Amino acid sequence: MIELSLERVEHHLGAPPGTMRRGRWAWLHDAVRSWCIENAKPSVSRRQVGIDHIDGSVVHLAGGIALTGGGLAARLRAARAHALHVVALSAGHAIVAEIGRLWRDDRPDEAMALNAYGVALVEELRAREAVRLCQEMGPHGTRVLPYHSPGYRGWPLDDQTRLLSLLTDYPGPIEVLESGALRPRLSTLAAFGLTHENHVTATA
C-alpha cells in the first residue's frame with residue numbers, strides 16, 4: 001500500500017496542519033489507513049500515443065483519435081510535443097463503497113477521513129507517475145510536460161470517453177458516465193505531453 005503524508009490527507013480534509021496528529025483525528029487516520037492497507041485496490045494503467053498533428057484546437061493522435069481541447073492543443077503545440085502519455089488512476093470501487101456505508105451508518109467523521117485519504121491516494125498515484133515518467137524519459141532526451149485532464153480549463157470534459165478509449169487493455173474499474181464523470185468517483189484520467197525540446201522544464 002502506498003504511504004501518504006499526513007499533510008496531503010489534511011489538505012483534502014480541509015483541516016489545519018497537524019490536525020491528524022492529535023486526539024480523535026489521529027485515531028481516524030490510523031483507522032482509515034489500516035482499512036486501505038487491507039481493502040483498497042488502487043489501479044494504474046498507462047499508454048504512450050504519438051501525436052500525428054495539431055489542427056487549430058484539435059489534437060490528432062496516431063490511430064485516428066482526436067482530442068478537442070483548445071488549451072491542450074495550445075500547450076502541446078507550444079512545446080512541440082510529439083506524443084502523449086495517457087494514464088488512468090483509481091482508488092477503486094471498494095473505498096467508494098466503504099465511504100457510502102460509513103455515511104449510511106451515521107459515521108460522518110470516518111466517512112470524511114476515508115474520502116480525504118482516497119482523494120490523496122489518487123493524487124499521490126498521479127505524482128508518482130510523473131516522477132516515474134521523468135526518470136524513464138529523461139535519459140532519452142525527452143521532457144515531460146505537466147499533466148492535463150479533461151474538465152480542466154481549455155479541455156472539455158467530453159474528451160473523457162476518447163481518452164479512456166486509448167487504454168484498450170485497461171484492467172481497472174473506471175468507466176465514463178453520460179455526464180462525463182468517472183465511476184468510481186475517486187478516479188482520474190490525465191495526459192502528460194512528451195517533447196524533445198530542451199527548453200521545456202520537466203514536471204515532478
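Q: Contact means heavy atoms within 4.5 Å, so which residues of H1 meet which in H5?
A: Arg-8, Val-9, His-12 and Leu-13 are the residues on the H1 side. On the H5 side they meet Met-112, Ala-113, Ala-116, Tyr-117, Val-119, Ala-120, Glu-123 and Glu-124. Helices (H or I, at least four residues) and strands (E, at least two) are DSSP runs, numbered from the N terminus.

Q: What kinds of residues make up that contact of H1 with H5, by class?
A: Eight are nonpolar, one is polar and three are charged. Here Ala, Val, Leu, Ile, Met, Phe, Trp, Tyr, Cys and Pro count as nonpolar, Asp, Glu, Lys and Arg as charged, and the others, Gly among them, as polar.

Q: Before we go on, what sort of model is this?
A: The model is predicted, so local features need pLDDT of at least 70 and side-chain atom pairs count only at pLDDT 80 or more, while totals for chains, interfaces and linings use all residues. Residues are numbered from 1 along each chain as its sequence is written, and side-chain values use heavy atoms, with hydrogens and water left out.

Q: OK. At what angle do H1 and H5 pack?
A: Helix H1 (residues 6-13) packs on helix H5 (residues 108-137) at about 120 degrees, and their axes are 8 Å apart. Axes are lines fitted to C-alpha atoms, for helices over the stretch in contact, and angles run from 0 to 180 degrees between N-to-C directions. The two helices are therefore oblique to each other (under 35 degrees is roughly parallel, over 145 roughly antiparallel, 65 to 115 roughly perpendicular, the rest oblique).

Q: Switching to the sheet: in what order do the strands come?
A: The order is S3-S2-S1-S4-S8-S5, six strands in an open sheet with antiparallel pairing (two strands pair if DSSP finds at least two bridges between them). Strand S3 (66-67) and strand S5 (143-144) are at the edges, each with a single partner strand, so one side of each has no neighbour in the sheet.

Q: Which helix packs on the sheet and touches S2?
A: Helix H3 (residues 70-79) does, touching S1, strand S2 (58-61), S3, S4 and strand S8 (187-195). The direction of H3 makes about 75 degrees with that of S1. H5 also packs on the sheet, where it touches S1, S4, S5 and S8, and its direction makes about 20 degrees with that of S8.

Q: How many bridges join S1 to S4?
A: Eight bridges join strand S1 (residues 43-55) to S4, and Gly-50 stands opposite Ala-83 in S4. S4 is also joined to S8 by eight bridges, with Ser-90 opposite Ser-187.

Q: And how many between S1 and S2?
A: Four, in the antiparallel sense. Asp-55 stands opposite Val-58 in that pair. The hairpin of S1 and S2 has two residues between the strands, and Gly-56 there has a positive phi near 65 degrees.

Q: How many residues of S4 are buried?
A: Eight of the eight are buried, so S4 is largely enclosed by the rest of the structure. Buried means under 20% relative accessible area, exposed over 50%, and partly exposed in between (1.4 Å probe, protein chains only).

Q: Which way do the S4 residues point?
A: Ala-83, His-85, Val-87 and Leu-89 point one way, and Leu-84, Val-86, Ala-88 and Ser-90 point the other way. In a regular strand, side chains alternate between the two faces of the sheet.

Q: Last topic: where is the cis peptide bond?
A: The bond from Arg-183 to Pro-184 is cis, with omega near 0 degrees. Pro-184 is in the loop between strand S7 (182-183) and S8.

Q: Is Arg-80 buried or exposed?
A: Arg-80 is exposed, at 60% relative accessibility. This residue is in the loop between H3 and S4, and its phi is positive, near 55 degrees, although it is not a glycine.

How values were computed: Contact means heavy atoms within 4.5 Å.
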